[in-house]
Amino acid sequence: MELALTLLLFTALVATAIAIAVVRKLFAVVMLSGVFSLLSALLFIVMDAVDVAFTEAAVGGGISSILMLGTIALTARDEKKPKKFSYVPVAVALLTGGALIYGTLDMPNFGSPDAPIHQHVGPDYITKTPHDIHVPNIVTAVLASYRGYDTLGETTVVFTAGLGVLLLLSGLGRSGRRRKRRTQNLSEER
Amino acid sequence: MDHHLILRVITKILVGPILLYALYVQFHGDFGPGGGFQAGVIFAVAFVLYGLIFSLQRLRALFPDYQVHRLVALGVLIYAGTGIVSLLLGANFLDYNVLAEKGYKGQHLGILIVELGVGITVFAVMLSIYYAFAGRPPRLDDKDW
């Protein structure tokens, strides 16, 4: 049952990806990328990673789509047709995909207890969380307490990203300068 | 979008529950899935929905840019400030055990405050990015979609 569901979701994911590559209307592309995010959120749920699924659905399916729509409203509705067909992107995509699949051959099976990730600090967190922190959701305990320093870094990354977008797009600097110029003009008139 | 009556009515019904759900995700993150990152995004989505349907001007009048920009910094300050407080109380940076008399109670309090900081920053960044994108003069007409 779980295998069938996973296969179905992956097939839908690949179909959505192909549709994104083929469709030229950008509005449809944005909607399809939202569908892609929601499908991957479902896949994360099948893999029992509810916190990641939640984030993917909220950020990938929600906010990203809205920001993409905002970008379309500022730029263009249709993707430009390429002048001639080029084999280079196809070759790059096939090569990268092949290398990634080759890399997964060495990886431990999904959920295997022998995987390196379950041998390091993971068991410590699982055994110590009920005693040290008393919260049922171990993900929160790891995120905010054991790895609090990392999360502070992540929050700072979000802060910096917001700052960058504001500096580039909001036009705050320009309006500030304009206001300054206006006050200067006023003082000169006096 | 003055002519979309159904959208406006549905938005009025939905904005409240979305905000409530964001608060639930924020403060229930210790017990179920969720936390500051998700809650911040959901909280921002409620405002973005309002802005999409009832014009950006009304949203900006409700929640001016400079207030949102202050919140962006406030969240990081709350997070780093928690670390400073634990330093001043004689423990390591971001060691919550000293925040209350019992270790696990301090952990609960620390996680709550830190997640609040994350939520505030994520919410404010999402909203200010939306302001930055939607605040520019659009090239597309409402009918062209």
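The structure is a predicted model, in which local features need pLDDT of at least 70 and side-chain atom pairs count only at pLDDT 80 or more, while totals for chains, interfaces and linings use all residues. Residues are numbered from 1 along each chain as its sequence is written, and chains are lettered from A and ligands numbered from 1 in the order in which they are written.

The angle between α3(A), residues 50-74, and α5(B), residues 103-134, is about 20 degrees, and their axes lie 9 Å apart; axes are lines fitted to C-alpha atoms, for helices over the stretch in contact, with angles from 0 to 180 degrees between N-to-C directions. The crossing of α3(A) and α5(B) is left-handed (the near helix is turned anticlockwise from the far one by less than a right angle; right-handed if clockwise). On the side of α3(A), I63(A), I66(A), L67(A), G70(A) and T71(A) make the contact, and they meet M126(B), I129(B), Y130(B), F133(B) and A134(B) of α5(B). Residues are in contact if their C-beta atoms, placed from the backbone, lie within 7 Å. This contact comprises 8 nonpolar and 2 polar residues, with no charged ones; Ala, Val, Leu, Ile, Met, Phe, Trp, Tyr, Cys and Pro count as nonpolar, Asp, Glu, Lys and Arg as charged, and the others, Gly among them, as polar.

Over the whole interface, 48 residues of chain B touch 40 residues of chain A. On chain B, at least two residues each come from α2 (36-53), α4 (65-88) and α5. The most, 20 residues, are given by α5(B). By class, the side of chain B that touches chain A holds 30 nonpolar, 13 polar and 5 charged residues.

Chain B contains 5 helices and 0 strands, and chain A contains 8 helices and 0 strands; helices (H or I, at least four residues) and strands (E, at least two) are DSSP runs, numbered from the N terminus. Along the principal axes, the C-alpha atoms of chain B fill a box of roughly 60 × 30 × 20 Å.

Of the 145 residues of chain B, 41% are buried, and of the 190 residues of chain A, 18%. A residue is buried if 20 or more other C-beta atoms lie within 10 Å of its own, exposed if 12 or fewer, and partly exposed in between, with C-beta atoms placed from the backbone. Among contacts with a separation of 6 or more, residues 24 or more positions apart account for 63% in chain B and 42% in chain A.

Within chain B, I78(B) lies in helix α4 and is partly exposed, with 19 other C-beta atoms within 10 Å. Beyond its neighbours within four places in sequence, I78(B) contacts I113(B), L116(B), G117(B) and I120(B). The C-alpha atom of I78(B) is 6.9 Å from that of V114(B), 36 residues away along the chain.

Positive phi values occur at S55(B), near 60 degrees, and at L94(B), near 65 degrees. S55(B), in the loop between α2 and α3 (56-62) of chain B, is partly exposed because 14 C-beta neighbours lie inside 10 Å. L94(B), in the loop between α4 and α5 of chain B, is buried, with 22 other C-beta atoms within 10 Å.

Conventions. Two residues are in contact if their C-beta atoms, placed from the backbone, lie within 7 Å.
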